[in-house]
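Visitor: I'd like a quick tour of this protein. Could you show me what we're looking at?

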Amino acid sequence: MLLTTIRVARTPIEAMTKYRARYGDPFFLPMGNGPIVATAQPALIKELFANRDTSLYGSFGFESTRALVGDHSVLMMDGVEHKRERKLLNPHFRGERMRAYGEVMIEATREAFATLSVGEEFVAIERTTELSLEAIVRAVFGFSTREEITVVQRAVMATLRAAKPYLLFSPKTQIAPFGLGPWATFQKHSKALDDLLYAHIEKTRASPDGREDILAMLVGARYDDGSAMSDNDIRDELRTLLIAGHETTAVSLAWTLYALHRHPEVLARARAEVDELGENPAPETLARLSYLGAVIDETLRRYPVVDVAFRKLLRPVSFAGYELPAGVTVCPAIVLVHQDPTIYPDPARFDPERFLGKKPRPHEYLPFGGGNRRCIGAAFSLYESRLALATLLREFELELLDTDELPPVRKNIVLAPKGGVRMRLRARR
Ligand code: HEM
């Protein structure tokens, strides 16, 4: 169990490829957080995602992640409560709602790269983290002053930095003898973030009118029975969005910059598409660029940010001819499906043409998972990625310094390029 856990945690693609070759598909993984049955068969994944029975799957997060997002996070809910919460949240993350955040995303991109001077080296993931944290903070709160934005950004980052992986791996490590140690530090930062969130919830309740941000939306949202979210409920969802909503997109943007700059012909074509637009194109126009969209889709296939989706069984179930007991987690292995040569010929090749004008089947392309737990922020993230990349291509010329193949390494729960992708600003355009 220990070895499997370490291997799957550190090098999921190699480990799962090996286990699948050795044991067939589906295959069993004895893991520290409980037993897993993984599969990369699209037909089985389709069956898993199609099952909408609310009594079947448990929460996405592990018990120990409650400390980070709280009990009333959509990540931690299951059953009818989860369904009710998604019904409330989903409309605010649909494609058409994204327009409200377009200008903010473009500004956040410019600001994250503005301080670079020509010739300066930088680590792409640091800049993309800055831009995606800025974009989500401003989309959530609707802030416009630098000071308000910075205070929340600092509080989120301090909480995340204090959330050491082992604290989130096991509730047994969540102890603070004599009020000291890493858990006490985490609680201190977490409390400071909460104080800020509660203050903003109160302020928004007092004057919600004329605002388009996510917090104002949550304050005004009503469940089917007409009830509103409590301050505590809103706090947990804000924490979830701030945390789930920035690192994932930051990492996928860093992968996209890496993939684009490793393939000069792809970069040239993406830039030509962007350059055709002329002065000051609207965010909507940038978001509709078809080749750029295909570049992002192919990056999420070739370099998926999340390696598996989790479906923890709340009751026994028959799956692929096996009787699985409650407590087992069934995992669609995203990373393996995306490398299947029968779906994607020559899968190691980076080729946006695979997605140009084509819509992949949901059980064969699943960077955002699927079914009733599919990522709520998928449209937000794709919109942000398109606007950020289009802005970078229009305004900057970057050069890749990491020219070798960068392996994916685990960064909290996501798979990030090792070293974060070293680049240099070659010119401003
Ligand atoms: C490239 C960026 C992103 C990737 C690759 C990603 C991937 C995922 C995946 C694989 C899941 C699990 C889905 C499943 O189990 O079927 C998920 C869930 C989730 N994601 Fe994302 N995500 C991204 C960005 C975002 C953003 C920007 C937000 C918020 C603004 C967000 C919020 C969430 C939430 C709330 C859930 C839990 C849904 C539930 O349990 O019902 N994600 N994401």
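Guide: One definition before we start: two residues are in contact if their C-beta atoms, placed from the backbone, lie within 7 Å. Keep in mind, too, that this is a predicted model.

Visitor: Which helix lies across β8 and β11?
Guide: Look for a helix running at about 80° to β8. That helix covers residues 247-262, and its name is α13.

Visitor: What is the strand order in the open sheet of 3 strands?
Guide: Start at the edges: β3 and β8 each have a single partner strand, so one side of each is left without a neighbour in the sheet. β3 pairs with β11 in the antiparallel sense over 3 bridges. Put together, the order reads β3-β11-β8.

Visitor: Which residue in β11 stands opposite E121?
Guide: β11 takes in residues 422-428, and β3 spans 121-123. Opposite E121 you'll find R424.

Visitor: Which helix packs on the sheet, touching β3 and β11?
Guide: Its direction makes about 65° with that of β3. The helix runs over residues 124-141, and it's α7.

Visitor: Are α14 and α16 parallel or oblique to each other?
Guide: The axes of these two helices come within 8 Å and cross at roughly 140°. Angles over 145 degrees would count as roughly antiparallel. So α14 sits relative to α16 in a way we call oblique.

Visitor: How many charged residues does the contact of α14 with α16 have?
Guide: On the α14 side, V266, R269, A270, E273 and V274 take part, meeting Y291, L292 and V295 in α16. By class there are 6 nonpolar residues and no polar ones, while the charged residues number 2.

Note on methods
Residues numbered from 1 in each chain as written. Predicted model: local features only at pLDDT ≥ 70, side-chain atom pairs only at ≥ 80, totals over all residues. Axes fitted to C-alpha atoms, helices over the stretch in contact; angles between N-to-C directions. Helix = DSSP H or I, 4+ residues; strand = E, 2+ residues; numbered from the N terminus. Parallel < 35°, antiparallel > 145°, perpendicular 65-115°, else oblique. Nonpolar A, V, L, I, M, F, W, Y, C, P; charged D, E, K, R; others polar. Pairing = 2+ DSSP bridges.
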